[in-house]
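Subject: Structure for you to look at

Hello,

Here is the structure I promised to pass on. Please open it next to this email and follow along.

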Amino acid sequence: EGTMLHDVMSGQRDTKGLTSGQRRYISYCSEQGRALLAEHVDGEKPEVVKEWYAQARLLDHIVSAKSDFTAWGETKSLVIDWKFGREPVDRAEVNLQLRPYAIIAAQEKPAIELTTVAIVQPTVAPEDRVTVAQYTRADIQQAKAELNDILVAAEKADAPRTPGAHCRYCKALGTSRCPESTEQAMSLVPLTNAQVMPVGAELAKFLEAKVLLEPMLEALHNHAREQLQADPNSIPGWYLTND
């Protein structure tokens with residue numbers, strides 16, 4: 001659904017076939033996009049690009065980003081990221097995904113003095129649907145240094161891995177490249193014959209495990225299918241059906 005709605009927002013497809021709810025999401029994003037553009041970009045005819053890809057050099061690294069909506073005025077630029085998931089993402093002011101967006105948008109035009117980044121997420125509670133952060137030129141330089149430090153630390157051979165909900169799209173999740181994710185998920189799975197379902201912080205742990213386990217189980221299922229296709233007797237008690 002998220003990919004489809006992003007395609008609508010970028011103009012790659014029309015709204016034909018969308019549900020009424022999905023149409024409301026598109027309408028909300030379009031309305032908020034216009035409002036953010038009017039508020040945060042100066043000049044009579046701002047330059048607007050959808051699905052914009054670019055790169056920027058930090059100190060020791062190069063980062064790349066593909067923003068959903070980017071606009072430049074005379075001295076101000078704006079980046080909007082459409083989100084269609086049901087769980088709120090990190091707010092714009094602490095969102096690491098938006099940080100390289102700000103850097104890249106600011107470097108595109110030498111006259112840019114202020115860059116605004118925004119997240120529009122119509123599928124969550126009203127108070128979380130639109131969050132905004134602003135980067136001055138000094139903030140951009142600080143962001144470059146911070147991102148560079150993160151990348152340098154991540155490249156170290158002994159860099160620790162800390163699996164969590166943020167790993168849901170990582171291809172190493174549940175594989176030999178990240179045994180920590182498997183260990184953490186398995187440690188949280190058993191309900192230890194509890195008579196009462198967990199609540200509060202304990203429930204949060206199980207939800208975290210669910211996020212880690214779902215892609216792992218899908219990968220395990222695909223691996224088992226490949227094994228059985230190669231040798232129908234390779235997994236005792238399991239076989240392929242014709243479905």
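In what order do the elements of the protein chain run from the N terminus on? The order is α-α-β-β-β-α-β-β-α-α-α. That comes to 6 helices and 5 strands. Please keep in mind that this is a predicted model. The C-alpha atoms of the chain fill a box of roughly 70 × 50 × 45 Å, taken along the principal axes.

**Helix pairs**

Start with the helices. Two packed helices are described by the angle between their axes and the distance between the axes. I have two pairs for you.

Helix α2 covers residues 20-40, and α1 covers residues 2-10. Their axes are 11 Å apart and meet at an angle of about 45°. That angle makes α1 oblique to α2. The crossing of the two is right-handed. Which residues make the contact? From α1 come Met4, Leu5, Val8 and Met9. From α2 come Gln22, Tyr25, Ile26, Cys29 and Ser30. By class, this contact of α1 with α2 has 7 nonpolar and 2 polar residues, and no charged ones.

The second pair is α3 and α4. Find α3 at residues 98-108 and α4 at residues 137-155. These helices pack at an angle of about 130°, and their axes are 10 Å apart. Here too the angle has a name: α3 is oblique to α4. α3 passes α4 in a left-handed crossing. On the α3 side, the contact is made by Arg99, Pro100, Ala102, Ile103 and Ala106. On the α4 side, Ile140, Ala143, Lys144, Glu146 and Leu147 take part. The contact of α3 with α4 has 7 nonpolar residues, no polar ones and 3 charged ones.

**Empty space**

Now look for gaps. Rolling a probe the size of a water molecule over the atoms shows where empty space is left.

How much space lies in the largest pocket? About 1,800 Å³. The lining of this pocket takes in 42 residues. Nearest its centre lie Asp90, Gln97, Ala165, His166 and Tyr169. Several elements each supply at least two residues of that lining: α1, β2 (62-72), β3 (76-82), α4 and α6 (200-230). Which of them gives the most? α6 does, with 7 residues. Sorted by class, the lining of the largest pocket has 23 nonpolar, 8 polar and 11 charged residues.

The second largest pocket holds about 240 Å³ of space. It is lined by 11 residues. His221, Arg225, Leu228, Tyr239 and Leu240 are the ones nearest its centre. The lining of this second pocket divides into 6 nonpolar, 3 polar and 2 charged residues.

There is also a cavity to find. The structure holds 1 cavity of 30 Å³ or more. The volume of the largest cavity is about 40 Å³. Which residues line it? They are Trp52, Ala54, Ala65, Ser67, Thr70, Val79, Tyr101 and Ile104. The elements β1 (47-57), β2 and α3 give two or more residues each to this lining. β2 gives the most, with 3 residues. By class, the lining of the largest cavity has 6 nonpolar and 2 polar residues, and no charged ones.

**Where to look**

- The contact of α1 with α2, including Met4 and Tyr25.
- The contact of α3 with α4, including Ile103 and Leu147.
- The largest pocket, with His166 among the residues nearest its centre.
- The second largest pocket, with Arg225 among the residues nearest its centre.
- The largest cavity, with Trp52 as one of its lining residues.

Best wishes

Notes:
Residues are numbered from 1 along each chain as its sequence is written. This is a predicted model: local features need pLDDT of at least 70, side-chain atom pairs count only at pLDDT 80 or more; totals for chains, interfaces and linings use all residues. Side-chain values use heavy atoms; hydrogens and water are left out. Axes are lines fitted to C-alpha atoms, for helices over the stretch in contact, and angles run from 0 to 180 degrees between N-to-C directions. Helices (H or I, at least four residues) and strands (E, at least two) are DSSP runs, numbered from the N terminus. Angles under 35 degrees count as roughly parallel, over 145 as roughly antiparallel, 65 to 115 as roughly perpendicular and the rest as oblique. A crossing is left-handed if the near helix is turned anticlockwise from the far one by less than a right angle, and right-handed if clockwise. Contact means heavy atoms within 4.5 Å. Ala, Val, Leu, Ile, Met, Phe, Trp, Tyr, Cys and Pro count as nonpolar, Asp, Glu, Lys and Arg as charged, and the others, Gly among them, as polar. On a 1 Å grid over the protein atoms alone, a cavity is a set of points where a 1.4 Å probe fits but cannot get out, and a pocket is an open set with protein on both sides within 12 Å along at least five of seven lines; lining residues have an atom within 4 Å of a point. Grid points are joined across faces, edges and corners, and a volume is the space filled by probe spheres set on the points.
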